[in-house]
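Have the viewer open while you read.

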Amino acid sequence: MNIKEIAEGIRYVGVNDRVTEKFEGMWPLPYGVSYNSYLVEGSEKTALMDTVEIEGVNRYLDEVTAALQGRALDYLVIHHMEPDHSGSIPEVLKRWPGIKVVCSRQAADMVKGFYHVEDADMFIIVNDGDSIDLGGKTLQFVMTPMVHWPETMMTLVPELKLLFSGDAFGCFGALNGAIIDADMDTSRYIGEMYRYYSNIVGKYGKFVQKALGKLEGVALDYICSTHGPVWHERIGDVTAIYDKLSRYGSEPGAVIVYGSMYGNTAAVAEEIARGLADAGVRNIIVHNASVSPMSLMISDAFRHKCLIVGSATYSMTLFPPVAAFIEAMKVREIKDKVFAGFGGYTWAPNAVKGAMEKFCAETGIEMQEFVMMKQSIDSSVRTQAFELGKKLASIEGVK
Ligand code: FEO
């Protein structure tokens with residue numbers, strides 16, 4: 001079997017991107033990213049599932065043309081309109097004039113808006129449960145709004161128990177030769193899935209839950225996402241990860257995020273970490289918000305049960321890198337954390353504590369404790385910080 005053939009009549013035609021340094025202009029791509037697209041061949045008709053980011057368009061058109069082996073291309077199915085997948089739509093329309101574009105009503109509006117395509121006859125607007133017969137293969141459409149934009153949908157091919165899932169179950173990381181999980185070591189992709197979910201989709205947990213609900217009871221042999229490996233052997237693992245993260249469920253462990261100008265607030269973070277370790281927490285991650293990528297801090301905070309945030313006082317509020325992290329948590333509607341705060345001040349004792357209390361009030365997260373330090377760490381603060389670590393370790397789910 002050709003390495004690009006996922007199942008009979010399903011061929012991978014996506015491209016790798018090892019040039020872009022930051023996805024969406026924000027999120028680091030140390031291992032690159034893949035923009036996945038697939039060709040589905042029925043006995044009567046053919047369909048292309050999504051396109052790729054515009055920088056890869058020349059390679060992409062070559063891939064699709066080769067995969068078609070002289071056949072006509074009848075349909076372009078759009079699951080998601082973010083330009084990492086829709087960027088090559090105009091070139092596909094030029095290369096295969098007469099192709100029908102199959103998508104949700106909102107996606108059709110976005111095609112017009114992003115790419116100024118005015119031909120209304122070209123669209124086939126589909127709704128939940130609609131299907132198209134390609135001859136021996138049926139495309140069955142499942143509307144999954146807000147995974148990750150409002151126009152998003154998935155397509156099931158029941159004959160093959162195969163799902164085109166859009167961004168869902170996707171991860172960062174270019175594909176290094178193999179396409180299907182069974183043909184590679186997936187450990188790095190699983191780590192990148194936590195980062196991808198929390199960074200990109202994290203805000204939309206309840207919509208991911210709705211989508212998972214629609215798929216409940218559907219037997220699947222293949223999940224073909226728009227990023228990362230095709231899932232075949234690890235379908236149970238990746239659906240469990242998406243289910244857990246979209247419920248804001250977490251794993252044991254503690255994440256400390258702090259901002260410090262001269263090392264005093266950092267010293268409190270170290271003591272809390274020692275208290276956690278002394279009490280038996282084995283997965284402790286300490287991030288200096290001035291240095292650690294936001295992407296990793298968000299991912300680690302999503303993944304682990306306990307979150308502790310500390311900040312020096314700056315302009316009568318949070319230190320800006322910590323404020324940015326707090327805002328990122330708030331935007332993603334983070335919940336169900338064992339949470340504590342700590343802060344340093346010189347003359348404004350309530351600035352940081354007040355900001356943390358506001359965060360808790362807005363997110364509904366309970367603050368277990370706040371350790372306050374005036375100017376520099378002393379034996380009393382050191383003890384409070386160490387004891388805070390031990391106390392948090394004793395709470396269910398942290399250790
Ligand atoms: Fe991979 Fe939301 O685009």
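T265 sits in helix α8, which covers residues 264-278. Helices here are DSSP runs of H or I with at least four residues, strands are E runs of at least two, and both are numbered from the N terminus. This is a predicted model, with local features needing pLDDT of at least 70, side-chain atom pairs counting only at pLDDT 80 or more, and totals for chains, interfaces and linings using all residues. Residues are numbered from 1 along each chain as its sequence is written, and side-chain values use heavy atoms, with hydrogens and water left out.

Is T265 buried or exposed? With a relative accessibility of 4%, T265 counts as buried. The cut-offs are under 20% relative accessible area for buried, over 50% for exposed and partly exposed in between, using a 1.4 Å probe and protein chains only. Leaving aside residues up to four places away in sequence, T265 touches G259, S260, G310, S311, A312, F342, G344 and M373. Contact means heavy atoms within 4.5 Å.

Now for the whole chain. Along the principal axes, the C-alpha trace spans about 75 × 40 × 35 Å. Of the 399 residues, 57% count as buried. Take the contacts between residues at least 6 apart in sequence: 72% of them join residues at least 24 apart.

On to helix packing. Two packed helices are described by the angle between their axes and the distance between the axes. Axes are lines fitted to C-alpha atoms, for helices over the stretch in contact, and angles run from 0 to 180 degrees between N-to-C directions.

| Helix pair | Angle | Axis distance |
|---|---|---|
| α6 (residues 205-215) and α7 (residues 235-246) | roughly 140° | within 8 Å |
| α5 (residues 187-201) and α7 | about 30° | 11 Å |
| α10 (residues 320-331) and α11 (residues 351-363) | about 10° | 10 Å |

Start with α6 and α7, whose axes cross at roughly 140°. These two helices are therefore oblique to each other. Angles under 35 degrees count as roughly parallel, over 145 as roughly antiparallel, 65 to 115 as roughly perpendicular and the rest as oblique. The α6 and α7 crossing is left-handed, a label used if the near helix is turned anticlockwise from the far one by less than a right angle, with right-handed if clockwise. On the α6 side the contact uses G205, K206, V208, Q209 and L212, and on the α7 side Y242, D243 and S246. Sorted by class, that contact of α6 with α7 has three nonpolar, three polar and two charged residues. Ala, Val, Leu, Ile, Met, Phe, Trp, Tyr, Cys and Pro count as nonpolar, Asp, Glu, Lys and Arg as charged, and the others, Gly among them, as polar.

Helix α7 also packs with α5, at about 30°. The pair α5 and α7 is therefore roughly parallel, and α5 passes α7 in a right-handed crossing. I190, M193, Y194, Y196 and Y197 of α5 meet V238, I241, Y242, K244, L245 and S246 of α7. By class, this contact of α5 with α7 has nine nonpolar, one polar and one charged residues.

As for α10 and α11, they pack at about 10°. That makes α10 roughly parallel to α11. I326, M329 and K330 of α10 make the contact with F359, E362 and T363 of α11. The residues of this contact of α10 with α11 divide into three nonpolar, one polar and two charged.

D50 has a positive phi of about 65° although it is not a glycine. D50 is in the loop between β8 (46-49) and α1 (57-68), and D50 is buried, at 4% relative accessible area. H116 has a positive phi of about 55°, and it is not a glycine either. H116 belongs to the loop between α4 (105-115) and β11 (123-125), and H116 is exposed, at 61%.
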